[in-house]
Amino acid sequence: MRLIALEEAFSIPRLTARHPGLTDLGPIPVSREFGRHVARRLPDFTELRLPEMDRYGVDTQVLSHTAPGIQADLTAEEAVDAARFANDYLAKIVAAHPTRFAGFAALPMQDPKAATAELRRAVGELGFRGALVNDHTGGRYLDDPVYEPFWTTLEDLDVPLYLHPGAPAAERWKVTDGAAELIGPTFTWGAETGGHALRLLYSGVFDRHPRAHLILGHMGEYLPFMLSRLDSRYATLDPGRTLDRAPSAYVGTNILITISGVQSPAALAGAVLAIGADAIMFAIDYPYEYTEAATTAFATAPLSDADRHKIAHGNAERLLKLQP
Ligand code: MN
């Protein structure tokens, strides 16, 4: 069974040397050992990555520049330059291994016009499958009206936007004071990115752009397990704006998820029940997570054969136009 992994990170030494913030995960208190593990694997493609893919049956990694990436504190000019550099670099890696790697573009959201142009170039000229953005950019979220042409372009090109966590924090959360364990993937990233996706949903982005697809990692950043509450509480609100559909109706249709970093057969089975197997795709979160743990959890999840094939490759082949 073909296995396509959608949230797989890399870095570029020459670019990181120019802009160290691009790979700086900020105040997350990672151990020295884990820091070394990741630093060795991020810039590598053939020495460790491909053998690990071979060993655990991962056919294709869809690569994206690691967080915070272009959403780090760059000027618009630096961001435009860094995104172009990163995308040209990734295009060469994919060209050298066209069946093993595919690419999501990095985008300079600091300059919405340039980001839209870079998306067009990355998809049209470099053959990328969509783009990956790390949450907000300088406190500006993607429901901002300046991004309307960007959403239209995503629809025109028929490619998804992967909304990944890890931008520099927009504000300091008191709930993490004295509890640094909560910072990053344990808690704040899921809440921040799930919140970002909800902003988009409630602002009507998917009513204005019904053909747009947003991908969330980490089993959907909590959302699949909150659908009933989203709907029941929305019915009690008078927010001064309306949606075409119930909030839950956008999750599993416009908003799709990957299982990256959640190695739980139970959670995957629950997500299938909540949003359907057509809306879920395999991912590892390499090198931050271990390929063996991700593939073992997926292999042992209680899924029908048909659902397992959809999640392993069928949905990604359709959405990313990866040839079966
Ligand atoms: Mn990730």
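Predicted model: local features only at pLDDT ≥ 70, side-chain atom pairs only at ≥ 80, totals over all residues.
Biologist: How many cavities of 30 Å³ or more does the structure hold?

Modeller: Rolling a probe the size of a water molecule over the atoms shows where empty space is left. On a 1 Å grid over the protein atoms alone, a cavity is a set of points where a 1.4 Å probe fits but cannot get out; a pocket is an open set with protein on both sides within 12 Å along at least five of seven lines; lining residues have an atom within 4 Å of a point. Grid points are joined across faces, edges and corners, and a volume is the space filled by probe spheres set on the points. The structure holds two such cavities of 30 Å³ or more. The largest has about 70 Å³ of space, and 13 residues line it, with Ile259, Val262, Gln263, Ala294 and Ala297 nearest its centre. Helix 11 (265-275) and helix 12 (291-300) are the elements giving two or more residues to that lining; helices (H or I, at least four residues) and strands (E, at least two) are DSSP runs, numbered from the N terminus. Helix 12 gives the most, three residues.

Biologist: Which classes of residue form the lining of the largest cavity?

Modeller: Ala, Val, Leu, Ile, Met, Phe, Trp, Tyr, Cys and Pro count as nonpolar, Asp, Glu, Lys and Arg as charged, and the others, Gly among them, as polar. The lining of the largest cavity has ten nonpolar, three polar and no charged residues.

Biologist: Which residues of helix 12 are buried, and where on the helix do they sit?

Modeller: An α-helix has 3.6 residues a turn, so residues three or four places apart point the same way. Buried means under 20% relative accessible area, exposed over 50%, partly exposed in between (1.4 Å probe, protein chains only). In helix 12, Thr291, Ala294, Thr295, Ala297 and Phe298 are buried. They lie on the same side of helix 12 because they cover an arc of only 160° around the axis, taken from the directions from the helix axis to the C-beta atoms. The face turned away from that buried side carries the exposed residues Ala299 and Thr300. Cover for the buried residues of helix 12 includes helix 3 (49-56), helix 11 and helix 13 (305-320), where contact means heavy atoms within 4.5 Å.

Biologist: What surrounds histidine 309?

Modeller: Histidine 309 is found in helix 13 and is partly exposed, with a relative accessible area of 35%. Leaving aside neighbours within four places in sequence, histidine 309 is in contact with Met1 and Gly314.

Biologist: Which residues lie closest to the centre of the largest pocket?

Modeller: The largest pocket has a volume of about 470 Å³. Of its 25 lining residues, Pro185, Trp189, His218, Asp285 and Glu289 are closest to the centre. Strand 1 (4-10) supplies the largest share of the lining, three residues.

Definitions and conventions:
Residues numbered from 1 in each chain as written. Heavy atoms only, no water.
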